[in-house]
Amino acid sequence: MELLLDTVNLEQIEKLVASMPIAGVTSNPSIIKQEGKIDFFNHMKKIREIIGFEKTLHVQVVATNYEGILADAKAIKEKIDPEVYIKIPINDEGLHAIKTLKAEGYNITGTAMYTKIQGLLAISAGADFIAPYFNRMENQNIDSFDVLAAMSQEIERTQAKTKILAASFKNIRQVTEAFEAGAQAATVGTDIVKTAFAMPSINQAVVDFNADWASIYGDVTIAEM
Ligand SMILES: O=C[C@H](O)COP(=O)(O)O
């Protein structure tokens, strides 16, 4: 499985990339807004410096029409780096742009995915990743697990190269469900990452082990023995 960070906070990225098996970083305008009016291209380049080229960086277009999306994609690729994944909403204009940009060798992540048909079309257009919005689908009473499982089946059936990069999570259960449904990757906010080990029993187990050790050896650690 691939775990990506859905943030552009440099400090958090640096910290979590060092301590967790992180496969990349994703962003969108709402995520950028959380950092204020950052120097967009320089900030994205700093993220690349932190994560290196073995991890993926996904940056979203803002234009909503075909020509504008192509222009945004070109600028992102030229001003950040050629390896960046261009995030494009899967709608009529976006899909048109995905077809064109894939033919020109761009890395593409189809995003804003709420329905099976969006995913099927993006897979067919050759998107490298599709990003179904797990929590947002649940909020609309759509069975997220079923949508992801259908995408997984389609990728398997057609032997497509597309990977499912599940997004939009409000808790860890949704993340593990996304992987169980067949997602290869999931992008999560730093708040969700932090809850991965938040179960009180985990810490209590460590406290109990330490107490038993101390009852035998006092405060002498294994390294000091
Ligand atoms: O890029 C898409 C985001 O992961 C959506 O997440 P959100 O539903 O928390 O805004």
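Colleague: Which residue forms a salt bridge with Arg48, and how far apart are the closest N and O atoms?

Modeller: A salt bridge here is a side-chain nitrogen of Lys or Arg within 4 Å of a carboxyl oxygen of Asp or Glu. Arg48 pairs with Asp81, and their closest N and O atoms are 2.8 Å apart. Arg48 is in helix α3 (residues 40-51), while Asp81 is in the loop between α4 (66-79) and β4 (85-89); the pair links distant parts of the chain, 33 residues apart. Helices (H or I, at least four residues) and strands (E, at least two) are DSSP runs, numbered from the N terminus.

This is a predicted model, in which local features need pLDDT of at least 70 and side-chain atom pairs count only at pLDDT 80 or more, whereas totals for chains, interfaces and linings use all residues. Residues are numbered from 1 along each chain as its sequence is written, and side-chain values use heavy atoms, with hydrogens and water left out.

Colleague: Are Arg48 and Asp81 buried or exposed?

Modeller: Buried means under 20% relative accessible area, exposed over 50%, and partly exposed in between (1.4 Å probe, protein chains only). Arg48 and Asp81 are both buried.

Colleague: How many salt bridges does a search of the whole structure find?

Modeller: The search finds 7. One of them joins Glu2 to Lys163, with the closest N and O atoms 2.6 Å apart. That pair links distant parts of the chain, since Glu2 is in strand β1 (residues 2-5) and Lys163 in strand β7, 161 residues apart. Lys163 counts as partly exposed because its relative accessibility is 30%.

Colleague: What does Lys102 meet in a salt bridge?

Modeller: Its partner is Asp128, at 2.9 Å from N to O.

Colleague: Which residues of α8 are buried?

Modeller: They are Ser144, Val147, Leu148, Met151, Glu154 and Ile155. These residues are on the same side of α8 because they cover an arc of only 120 degrees around the axis (taken from the directions from the helix axis to the C-beta atoms). On the other side of α8, Gln153, Glu156 and Arg157 are exposed.

Colleague: What covers the buried residues of α8?

Modeller: Contact means heavy atoms within 4.5 Å. The cover includes β5 (107-113), α6 (116-124), β6 (129-132), α7 (134-139), β7 (163-166) and α9 (172-181).

Colleague: What follows α8?

Modeller: Gln159 does, with a positive phi near 55 degrees.
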